[in-house]
Amino acid sequence: MMVTVAVAGFAMAIYAAWLFHDLPDGNEIADYRPPTSTRVFAWDGTLIGEYAQERRIFVPYNRLPERLTQAFLAAEDRNFFTHSGVDIGGLSRAMMKNVSHAAQGRRLEGGSTITQQVAKNVLLTNERTLGRKLKEVILARRLETSLSKEQILELYLNDIYLGYRSNGVATAAFNYFGKSVDQLTLSEMAYLAALPKGPSNYHPSRRKAQAIARRNWILGEMAQVGWITQVEAQAAQKEDLVVQAAPQRAKYRDADFFVAEVERRAKNLFGEDIYSSGYYVKTTLDPRLQTAARIALMDGLEVYDRRHGWRGAWGNVELSEGWQDLAGKAETALAENRQAPFERPEWQAAQVDRPGAGGIRLVSNGDSGTLRGEDLSWARGGAGLKAGDLVFVSPTGSNGVYRLHQVPAVNGALVAVDPWTGRVMAMVGGYSYSLSKFNRATQARRQPGSAIKPFIYATALEGDFTPASIVVDGPISFRGAGGSVWAPRNYSRTYYGPQTLRKGLELSRNAMTVRLADKVGMKNVAQKVISYGAVDKMEPYLPNALGAAETTPFMLTSAYSLFVNGGRRVTPHLIETVSDHEGKMIYKAERRNCPSGCRRAFDGTESPRLVPDGQQVMDPIVAYQVNSFMQGVVQRGTATRARVLERPIGGKTGTTNEYRSAWFVGFSPDLVVGVFIGFDDNRPLGSSETGGQTALPIFVDFMKTANKGKPVKEFHKPKDAVYVSVRGHEEAFRPGTEPKPVEAPVVEQGPRPYTEVWRDGLTETAPDLVPFDPSRATPPPRYVDED
């Protein structure tokens, strides 16, 4: 007998040694922090995104509402603050029940305290064995000696899985109810406390009755303990259970392309930590401008797409009694293939039942209606409509009359940058993030066409040229290797002879630009354009003066900031600051150091001045000269459609060979905006689809919203420039380069005379680069829309 007992004791000792040899020390959990989501915020604090392995928002114990913690204690561990990690009574009751449960093959009950649950969730596995239960009990006792009750409860409430893709109470509050924890009602707190027993058992829609019953039981328990009154409990028990249809990363959904680009950049800074360390990322995004950018780009792409015809329905189902179910399945399949316009909630799916008359039935509610006459004509001019066709429509406002829509095949991008700080205030990388996650703002490398010309003119002006210099607008050709000839031509195939640089840029004259680049030297041009940030590489070949070197909308738009901020190259950025989970700033985009005066108390003297942001890469006067030229592009040149904005605006159109890409990059005194339009496979956009025709209207629509309610501002004029009238335009000159006033004949231009002031004695005398001769003056050329 003694031998048997000894053997049994020895066996138990061996089992215990094996069971507990690798048991973690409870102290290990003192520094434990569950993986938490990195949250992304707009400039004004709007939540715009989240990155996470497990969706979790960590909330310190002192910021958790008392009634929320009480609801969980009522549901899970009423004696939490009085036991030492294990509730002997509760554990005994659970073990007694488990005897019968085991005999019946039913699931065993845990009888675990909150401390035991923390030990299991953080340090152990989910296996249901006696050995694991013993480990759980021992670890729970160790935790109680390592951490305070409040620390244990904080870990529990931030770590527990509550369904709906929610880890922790704060994430659950946001996912289920769209609220922060301090905004929850009593009934909502009690519902969240029902979920640890099994989120699927108390699903708010599939098992709503069970969810409400469990919630109401918890409210009753809270009242019984005295944490709430019976009146409060009864009022909360009468409330309905209303949750969001699905978990949402953020209620603001217009910034998908922006948030994805922030993720890429944050990952470059912090690696995989962005998915688990709970960073707070403040971005440069302005939600008002971002929404305006998305709408302007989508509308503009749809307008272009409509010009090029109806391509046909997105599906077809047989006309029958069950047409709605069939159509719904077709729409689901379409969505799974990422073909549906999720970003256009006003669009509805409809089925055509009377093609000739444009009769339709809406899939969503079965109502009938007709298409507008112009939409019916549009469809007939394209692929047509036939019975059973599934199409997208939207109400016109007239009862039963609908517009016809199709998802554009073309795509594009819009970028808006603060020229003084480099803050990217809005960025849209395509028509629909749901359809394609390719960000055309940052990833599409395309030829900019004439949108590169301002940098060519800036290079010339930083050399020997001035706003009074004259370049011949006339045919030009170059012989290349093998005897081939390159002869760049103006868009209109017309030439106007000797012209000022202003005229060359305003009218986007190709021949003048090539002559200018050839005279300046393409090696010099290439180096300068790269230093300006318009491209990252450029070979010293003359075709690059007309925009053959590739760039991205993001890069080109940012480079245009030079013409607004006085020639300083600022770093475009999307991330302003990053803070860790404790609120400590670990990254900021601002690199300037504040002078010592910033840190002293105000003493009535002049405040310290910060050095302007960015690196000076262009002469400030030259930057203003080109700015002024581009204001002329809007007033008289290829971008006159922007005059409707009725405020100082500059910009440049751009169109590439065969109309493959259309651009407009424009600016106000405090915003630079670039628009790019093109197919992803780089096929032609179609005849006459220039930057002025296709991209410029999108810029105008966006700027109408961006400028709404803002005072009219003028561009900053350099104080040290010399201002002289040249051909009726005030031009800025670097001191010493201004033309010498001379008596000049009056040249008639319509009914009013004006006096020309011109510069004589250019150092270069090549036949294609001559000083202006009033005796050979011709009437000013007719302004035409060219790129």
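Q: What makes Y164, Y176, F177 and Y191 a cluster?
A: Ring pairs link these residues. Rings of Phe, Tyr and Trp (its six-membered ring) count as a pair if their centres lie within 6.5 Å; planes under 30 degrees apart are stacked, over 60 edge-to-face, and the rest tilted. By this rule there are 22 aromatic pairs.

This is a predicted model, in which local features need pLDDT of at least 70 and side-chain atom pairs count only at pLDDT 80 or more, while totals for chains, interfaces and linings use all residues. Residues are numbered from 1 along each chain as its sequence is written, and side-chain values use heavy atoms, with hydrogens and water left out.

Q: Why is Y176 called buried?
A: Buried means under 20% relative accessible area, exposed over 50%, and partly exposed in between (1.4 Å probe, protein chains only). Y176 has 2%, so Y176 is buried.

Q: Why is Y164 called buried?
A: Its relative accessible area is 15%, under the 20% limit, so Y164 is buried too.

Q: What makes the pair of W347 and F392 tilted?
A: The centres lie 5.8 Å apart, with 35° between the planes.

Q: How do you know that the charged end of R423 sits over the ring of W43?
A: A charge sits over a ring if NZ of Lys or CZ of Arg is within 6 Å of the ring centre and within 35 degrees of the ring normal. R423 is 3.6 Å from the centre of the W43 ring. K282 also lies over the face of W43, at 4.4 Å from the ring centre.
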